[in-house]
Amino acid sequence: MTEEPCQCPDCQRFYREHDRLIREFPTLKQQQELNWASLQSFRTLCGKVTEDLQKKLSELEAHNKEGNEDNHLSITQLNESINELENINAYLFSIEALMEKIFETKVSDNIEAKFKEIAGELAPDPLNIDRIILNRLFHQTPDFPDKSTNTN
Ligand SMILES: [Zn+2]
């Protein structure tokens, strides 16, 4: 008896995204580049938000010296958020060190072909790609005849 995979909306979204990333990035090189870019964008965004929160915190603390107690809660919240984000940034930094090792590996063209072959089996195209592109073009064409005019 095989166990059915969970079909809740979150899991379904995950399966779709998982398959899409295999379908659209079917080689080792593409997976390396995708994950490197994903990690770096995550680091950049988290780092900038942390910096911004730290700036806000020091501004609030400067005001608080003048005796304004209303800001107390937001200072606590800011401190907690900054701590959490700093933890994430530290983990991301560790992952980057591992990812660099993964990024260094290169395989020959016939191994890349094997990646593509297995990717095609794991995540076969749900719709013909030409049809999807055509569909998009139709939706973007403003003077595409409206169906309702035909039925009038
Ligand atoms: Zn689920």
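Is Glu 17 buried, exposed or partly exposed, and at what relative accessibility? Select Glu 17 to begin the tour: at 37% relative accessibility, this residue counts as partly exposed. Please bear in mind throughout that the model on display is predicted.

Arg 20 is partly exposed, at 29% relative accessibility.

Arg 20 and Glu 24 are separated by about one helical turn, because they stand four residues apart in helix 1. Glu 24 has a relative accessible area of 42% and is therefore partly exposed.

**Second stop: two neighbouring aromatic rings**

Now select Phe 14 and Tyr 15. The structure holds two aromatic pairs. In the pair formed by Phe 14 and Tyr 15, the ring centres are 6.2 Å apart and the planes stand at 70°, so the arrangement is edge-to-face. How exposed is each residue of the pair? Phe 14 is exposed, its relative accessible area being 52%. Tyr 15 is partly exposed, at 29% relative accessibility.

Select the zinc ion together with Cys 6, Cys 8 and Cys 11. Which atoms coordinate the ion? They are the SG atoms of these cysteines, at 2.2 to 2.3 Å. Along the sequence, the donor residues follow the spacing C-x1-C-x2-C.

Cys 6 is partly exposed, with 40% relative accessibility. Cys 8 is likewise partly exposed, its relative accessible area being 30%.

Cys 46 may be selected next. With a relative accessible area of 10%, Cys 46 is buried. As for disulfides, the count for this structure is zero; the cut-off applied is a pair of cysteine sulfur atoms within 2.5 Å.

Where does Thr 27 lie? The residue is located in the loop that runs between helix 1 (9–24) and helix 2 (28–64). Thr 27 is buried, because its relative accessible area of 9% falls under the 20% cut-off.

Show the side chain of Thr 27 and the backbone of Gln 30. A polar atom of that side chain lies 3.0 Å from the backbone nitrogen of Gln 30. Then display the residues around Thr 27: neighbours within four places in sequence aside, Thr 27 is in contact with Glu 112, Phe 115 and Lys 116.

Select Lys 116, one of the contacts of Thr 27. Lys 116 is found in helix 4, which comprises residues 109–122. Not counting residues up to four places away in sequence, Lys 116 touches Pro 26 and Thr 27.

Remain in helix 4 and select Lys 114 and Glu 117. What joins Glu 117 to Lys 114? The two form a salt bridge, with the closest N and O atoms 3.4 Å apart. Both residues lie in helix 4, three residues apart, which is about one turn of the helix. Glu 117 is partly exposed, at 41% relative accessibility. Lys 114 is also partly exposed, at 42% relative accessibility.

**Last stop: a return to helix 1**

Finally, select Glu 17, Arg 20 and Glu 24 together. Salt bridges that share partners join these residues into one network.

Technical notes: Residues numbered from 1 in each chain as written. Predicted model: local features only at pLDDT ≥ 70, side-chain atom pairs only at ≥ 80, totals over all residues. Heavy atoms only, no water. Helix = DSSP H or I, 4+ residues; strand = E, 2+ residues; numbered from the N terminus. Buried < 20%, exposed > 50% of the residue type's maximum accessible area, 1.4 Å probe, protein only. Polar contact = N/O pair within 3.5 Å; in protein donor to acceptor, adjacent residues only side chain to side chain. Contact = heavy atoms within 4.5 Å. Donors = N, O, S within 2.8 Å, 3.2 Å for Na, K, Ca; no water. Phe/Tyr/Trp six-rings, centres within 6.5 Å; stacked < 30°, edge-to-face > 60°. Salt bridge = Lys/Arg side-chain N within 4 Å of Asp/Glu carboxyl O.
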